[in-house]
Amino acid sequence: MAFCEIAFRDLTENPFSLIGDDWMLITAGTEEKCNTMTASWGGLGVLWNTPVAFTFIRPQRYTKEFVDAQEEYSLCFFEGMHDKLGYLGKVSGRDEDKIEKAGLTVAVEDGVPYFKEARLVLFCRKKYRQQMTPEAMLDSDIIAKFYPQNDFHEMYVGEVTKILKKEV
Ligand SMILES: Cc1cc2nc3c(=O)[nH]c(=O)nc-3n(C[C@H](O)[C@H](O)[C@H](O)COP(=O)(O)O)c2cc1C
């Protein structure tokens with residue numbers, strides 16, 4: 001099945017279930033060397049009059065090095081595949097060739113890596129990033145629950161530059 005490009009206004013997905021339930025892969029790098037990680041926190045919306053995606057990446061993720069090194073990254077969504085996304089969200093690309101082990105196929109669009117097996121791909125151009133800090137947190141319960149190791153996420157705002165959807 002081939003991908004076709006759709007306009008962001010034609011995206012009919014529920015962002016809560018798309019990201020929170022289906023999960024996504026954040027992928028960055030080059031065709032030769034890229035890394036990916038599972039994410040289930042994030043958002044889609046509008047900022048500075050453009051469609052954007054918000055992603056949240058903890059400092060220890062290997063994928064963060066790739067996202068930081070590149071101008072663009074992709075967000076891939078799949079049909080099911082929670083077993084594979086669970087694996088890609090547990091093991092680090094520092095330790096294993098996890099893309100190969102998960103049996104995923106890297107493709108590139110305008111030089112940005114994504115996966116052929118995805119059903120939906122959002123390409124994002126980095127526009128802003130900001131480190132979360134304990135001082136800025138308004139609910140200390142969140143710190144106790146999610147940041148006992150002080151590994152606060154960095155937030156990335158990426159302009160959604162292209163959306164590819166698999167034709168059915
Ligand atoms: C369902 C699920 C959701 C996750 N969501 C995030 C997330 O939003 N942000 C994050 O930093 N890590 C998240 N993770 C953890 C990373 O995917 C995981 O640490 C991964 O192994 C990092 O791989 P890397 O070191 O190759 O980048 C999630 C893991 C799972 C299983």
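Guide: Start with the terms: helices, of at least four residues, and strands, of at least two, are DSSP runs numbered from the N terminus. The model is predicted. The chain has 5 helices and 10 strands.

Visitor: Why is the chain called as compact as a globular protein of its length?

Guide: Its radius of gyration is 16 Å. The globule rule gives 15 Å for 168 residues. The two values are close, so the chain counts as that compact.

Visitor: What makes phenylalanine 3 and tyrosine 114 an aromatic pair, and which kind of pair is it?

Guide: Ring centres must lie within 6.5 Å to pair. Here the distance is 5.7 Å centre to centre. Planes over 60 degrees apart count as edge-to-face. These planes are 80° apart, and the pair is edge-to-face.

Visitor: How do you know that the pair links distant parts of the chain?

Guide: Phenylalanine 3 is in strand 1 (residues 3-6), and tyrosine 114 is in strand 8 (residues 112-115). They are 111 residues apart. Ring pairs also bring in Phe123, giving a cluster of Phe3, Tyr114 and Phe123.

Visitor: Is tyrosine 114 buried or exposed, and why?

Guide: Buried means under 20% relative accessible area. Tyrosine 114 has 7%, so it is buried.

Visitor: Why is phenylalanine 3 put in another class?

Guide: Its relative accessible area is 21%.

Visitor: How much of the chain is buried?

Guide: Buried residues make up 42% of the 168 residues. Among them are Tyr62 and Phe66 of helix 2 (residues 62-69).

Terms used
Residues numbered from 1 in each chain as written. Predicted model: local features only at pLDDT ≥ 70, side-chain atom pairs only at ≥ 80, totals over all residues. Heavy atoms only, no water. Rg over C-alpha atoms; globule rule 2.2 N^0.38 Å. Buried < 20%, exposed > 50% of the residue type's maximum accessible area, 1.4 Å probe, protein only. Phe/Tyr/Trp six-rings, centres within 6.5 Å; stacked < 30°, edge-to-face > 60°.
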